[in-house]
Amino acid sequence: MTVRQSEEELEARLAAERLGAPFLVYRDGADRQRIVPLEPGRRAVTIGRRDEADVSLPWDPECSRLHAELQLRAGEWTVSDDGLSQNGTWVNELRLVGRRRLADGDILRIGRTLFTFSQPGVIGIGPTLVPGS
């Protein structure tokens, strides 16, 4: 699915990338781009249909009141559902089971809403090797 961005939206996303901190990008119920910075001091971000959620999606009928949570653990952002949602959380079109570490460019589907996780400038330390590899 290709989303056409306006010049202003593209500039806002580039500005967020220049800050170097991780962020989420999604489109709201009015089809406007929203950028949610994931500040280093913040340890968790809730996503759900309730107003009390950090990222509230009241327009999305397939999103649960409390649907998923992003957490910062040992310097890595993770997403978990832990049975909070009725319709599940999807990462790169695979249903999330438990917790998953996020990587730059991952696409999260929560209800009908798509999020892109961006972590500019981070180069991973590589995969963990299986003994004997």
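Biologist: Is Arg32 buried, partly exposed or exposed, and what is the relative accessible area?

Modeller: Arg32 is partly exposed, because its relative accessible area is 44%. Keep in mind that this is a predicted model.

Biologist: What does Asp28 form with Arg32?

Modeller: A salt bridge. The closest N and O atoms of Asp28 and Arg32 are 3.1 Å apart. Asp28 has a relative accessible area of 10%, so Asp28 counts as buried.

Biologist: How many salt bridges does the count come to?

Modeller: The count comes to 11 salt bridges. One of them joins the side chains of Arg27 and Glu9, at 2.9 Å from N to O. Arg27 sits in strand 1 (residues 23-27) and Glu9 in helix 1 (residues 7-19), so this pair ties together parts 18 residues apart in sequence.

Biologist: Are Arg27 and Glu9 buried or exposed?

Modeller: Both Arg27 and Glu9 are buried.

Biologist: And Glu52, which residue does it form a salt bridge with?

Modeller: Glu52 pairs with Arg50, and their closest N and O atoms are 3.1 Å apart. Glu52 counts as exposed because its relative accessibility is 58%. Arg50 is partly exposed, with a relative accessible area of 41%.

Biologist: Which residues do salt bridges with shared partners join into one network?

Modeller: Glu9, Arg27 and Asp31.

Biologist: How many residues does helix 1 have, and how far does it reach?

Modeller: Helix 1 has 13 residues. From the first C-alpha to the last it reaches 19 Å, close to the 18 Å expected. Just after helix 1, Gly20 takes a positive phi of about 85 degrees.

Biologist: How much of the protein chain counts as buried?

Modeller: 38% of its 133 residues. The accessible surface of the chain is about 8300 Å², and 51% of that belongs to carbon and sulfur atoms.

Biologist: What about contacts between residues at least 6 apart in sequence: what share join residues at least 24 apart?

Modeller: 35% of those contacts do.

Biologist: On to the inside. How many residues has the largest nonpolar core?

Modeller: It has 21 residues. Leu70 and Phe115 have the most contacts inside this core. Several strands each supply at least two of its residues, including strand 3 (44-48), strand 6 (76-80) and strand 10 (107-110). Strand 5 gives the most, with three residues.

Biologist: What does Phe115 touch, not counting residues up to four places away in sequence?

Modeller: Its partners include Leu24, Val25 and Tyr26. Ile47, Val55 and Leu57 are also among them, as are Ile107 and Leu108.

Biologist: Last topic. Where does His67 lie?

Modeller: His67 is in the loop between strand 4 (55-56) and strand 5 (68-73).

Biologist: Is His67 buried or exposed, and why?

Modeller: His67 counts as buried because its relative accessibility is 0%. Among its contacts beyond four places in sequence are Ile47, Gly48, Asp81, Leu84 and Ile110.

Biologist: Which backbone nitrogen lies 3.0 Å from a polar atom of the His67 side chain?

Modeller: The backbone nitrogen of Ser64.

How values were computed:
Residues are numbered from 1 along each chain as its sequence is written. This is a predicted model: local features need pLDDT of at least 70, side-chain atom pairs count only at pLDDT 80 or more; totals for chains, interfaces and linings use all residues. Side-chain values use heavy atoms; hydrogens and water are left out. Helices (H or I, at least four residues) and strands (E, at least two) are DSSP runs, numbered from the N terminus. Buried means under 20% relative accessible area, exposed over 50%, partly exposed in between (1.4 Å probe, protein chains only). A polar contact is a pair of N or O atoms within 3.5 Å; within protein, one must be able to donate a hydrogen and the other to accept it, and residues adjacent in sequence count only if both atoms are side-chain atoms. Contact means heavy atoms within 4.5 Å. Accessible areas come from the Shrake-Rupley method with a 1.4 Å probe; for residues, only the protein chains shown count as cover. A salt bridge is a side-chain nitrogen of Lys or Arg within 4 Å of a carboxyl oxygen of Asp or Glu. The expected span of a helix is 1.5 Å times one less than its number of residues. A nonpolar core is a set of buried Ala, Val, Leu, Ile, Met, Phe, Trp, Tyr and Cys residues joined through side-chain atoms within 4.5 Å.
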